[in-house]
Structures are given as C-alpha cells and as structure tokens.
Amino acid sequence: MMFKRRLAAAIVIGWYMAVICFWAFGHTATVALAGPAAPAEPAEFAADLPQLHQRQLLLEQAARQAAADMAARDAYAAAHPPAPCLALTFDDGPSETVTPLLLDLLYQRGVKATFFMLGVNAAAYPETVMRAAAEGHQICSHGWDHRYKFTRMDERQLSEELQRTDQQILAACGVTPLYVRPPYGAINDDVAEMIGRPVMMWSIDPRDWQYRDADRVARHIVDHAADGAIVICHDLYPSTAQGVAQAVDTLLERGWEFVTLEELYHRRGLELRDGVIYYGKQGSR
C-alpha cells in the first residue's frame, strides 16, 4: 500500500515537472527569438497550474453555454417571428384640444407615435409638446406655420424656417427634431438636400383632413396596414383621434405593434441618411 502511494505521488510530481519544463522551454524559445522580455510580474511565476486548468474548464463551459443560448434564441426567433409594426404620424399640431385627447388615447393603449409639429403651434402649446415627448413620442419638424411650400423657398429662407422651428421645439421639450416633413408633401431631391436631414413622407393616407369621418379613417388604416408602413394623419380633428383609436384597437388584437419612426427604421436595420426622402412600405391597394 505504501509503495502504491509513493508511486502515485511520483507520477503526480512527474506530471507537474513535465508541465513546468514545457512552459520553461517555450518561454526560453520565445525569448531567444524575440529578445529579452520585460520582467514578468511575480504573480505569473506564482501561478497555480491547477487553478489555470480550472479556469480553462470554466471558459470552455461558458463558451458552450453561450453557443447553446444563441441556438435557443435562434430557434425561438424562427418559431416566433417579430410582430408586424407600423408608424403613426401626426401633422400640423399640437392643437389645443385634439392633441391632448389623442395623447390620452395613445397612452391608454401603450402606443407610441411621431408628431410633426408646426413651430407656431409648439409656441402656443408648449406644455403639450412637453407631454408628448415625456410620454415617449417622437417630436419632429413640419416647418413653422404651413404657409409656404418648401419647394418655393430659397436655401436661406428654408434654413431660417427650420432653425426657428427647431428652436421652439427645443425650448418646449428639450429635443431637437431629427426628421422633417415638408408642408403639403412638397419635396424634391434638391430641397431634401438643402434640408440636410432625413425627409419623412408616408405610405398610408386616410385623408382624415378631407372626410372628417372616424369610421373611414379606421377602415382605411386597417385595410392598408403593412409591416414598415407610415401612416399620416392630422391631430386637428376629433374624428381623427377616434378613428385612429379604433384602428389601433383592431390591429393590436391582430398582433400589430405601433412604434416611432426612429424605432421603425431601427427594427428594419436601416440607417437613415441626411437629405434622403423616405416613404415607408406600401400596403396593398
């Protein structure tokens, strides 16, 4: 029995000596090739080989677990594709009564939207601008007062209009608009380049300003919904707020999500470029 114990101890000692010699040979060869190295930290010489082996095992275990987690996520994503989403956008506000009503309806449903605000209205109702931003909606620029098309302005006039609007929105909620939507949708490539920011148009238009009919607004949005689409409405009419609420309720029941424009393009993996016009995905017609 004593002989077996001594033999086992000799084997263990021999294994450690072999490892140390292997390390020393490799270290010497490296020094010979690379020249003198800086003095090693004392901790390197005191490294405990069993602890190093244990660390290697832990690293290998972590790598296997990471690979398993990734495979599980891929399998879940394949079995549970992301919900379709679209962006609700509202022009010409904020208004005195409809925008607060619309914010109430969106808040009750946990829905985020994007507001293209006029500078003159942001100046009139700064508390509504602040509320919209505080509740997670995206605040963007629609110019100052909707009096002139951007296509009829020179570069100086356009720059002054956008700067004036930016300053008012910034003063109201602390946010500088990332995107611009031109009044009347009047845009061309030259004007977009002068704007110098992503120009956001739309792909679904229920013409709420024309019909003032909540049911028609709701039906149009639902019938034309498409993943990645951009809906344009106007937070000026009570019928718009009610129609949007109806459409949201229907589409939420069908598994849709409503996101800001920034989130919409983030989910699609697209990086928006300044001076480029974006329309969103077209729905069925």
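A residue is called buried when its relative accessible area is under 20%, exposed when that area is over 50%, and partly exposed in between, using a 1.4 Å probe and protein chains only. Helices (H or I, at least four residues) and strands (E, at least two) are DSSP runs, numbered from the N terminus.

Good morning. The structure before us is a predicted model, in which local features need pLDDT of at least 70 and side-chain atom pairs count only at pLDDT 80 or more, while totals for chains, interfaces and linings use all residues. Residues are numbered from 1 along each chain as its sequence is written, and side-chain values use heavy atoms, with hydrogens and water left out.

I begin with strand S1, residues 85-91. This strand is mostly covered, with 7 of its 7 residues buried. On one side lie Cys-85, Ala-87, Thr-89 and Asp-91, and on the other Leu-86, Leu-88 and Phe-90; both faces are covered.

Which strands pair with S1? Two strands are taken to pair if DSSP finds at least two bridges between them. S1 runs parallel to S5 (residues 230-234), joined by 5 bridges, and in that pairing Phe-90 stands opposite Cys-233. S6 (residues 257-258) is also parallel to S1, with 2 bridges, and here Leu-86 faces Phe-258. With S2 (residues 114-117), S1 forms 3 bridges, again in the parallel sense; Asp-91 has Phe-116 as its bridge partner there. From S1 the chain passes through helix H4 (residues 98-109) to S2, a right-handed β-α-β crossover.

Within S2, Thr-114 is buried, with a relative accessible area of 0%.

I turn now to the loop between S1 and H4. Asp-92 is placed in this loop and has a phi near 80°, a positive value in a residue other than glycine. Asp-92 is also buried, at 13% relative accessible area. Pro-94 belongs to the loop as well, and the peptide bond that reaches Pro-94 from Gly-93 is cis, with omega near 0°. A positive phi, about 65°, is found too at His-146, which is not a glycine. His-146 sits in the loop between S3 (138-141) and H7 and counts as buried at 18% relative accessibility.

Next, the interior. A nonpolar core is a set of buried Ala, Val, Leu, Ile, Met, Phe, Trp, Tyr and Cys residues joined through side-chain atoms within 4.5 Å. The largest such core has 37 residues, of which Leu-86, Leu-88, Phe-90, Phe-115 and Val-244 touch the most other members. Elements supplying at least two residues each include S1, H4, S2 and S5. Which helix gives the most to this core? The answer is H11, with 6 residues.

Finally, the second largest pocket has a volume of about 190 Å³. On a 1 Å grid over the protein atoms alone, a pocket is an open set of points where a 1.4 Å probe fits, with protein on both sides within 12 Å along at least five of seven lines; lining residues have an atom within 4 Å of a point. Of its 13 lining residues, Tyr-184, Trp-202, Trp-209, Ile-232 and His-234 are the closest to the centre. Thank you.

Definitions and conventions:
Grid points are joined across faces, edges and corners, and a volume is the space filled by probe spheres set on the points. A crossover is right-handed if, with the strands pointing away from the viewer, the path from the first strand over the helix to the second runs clockwise.
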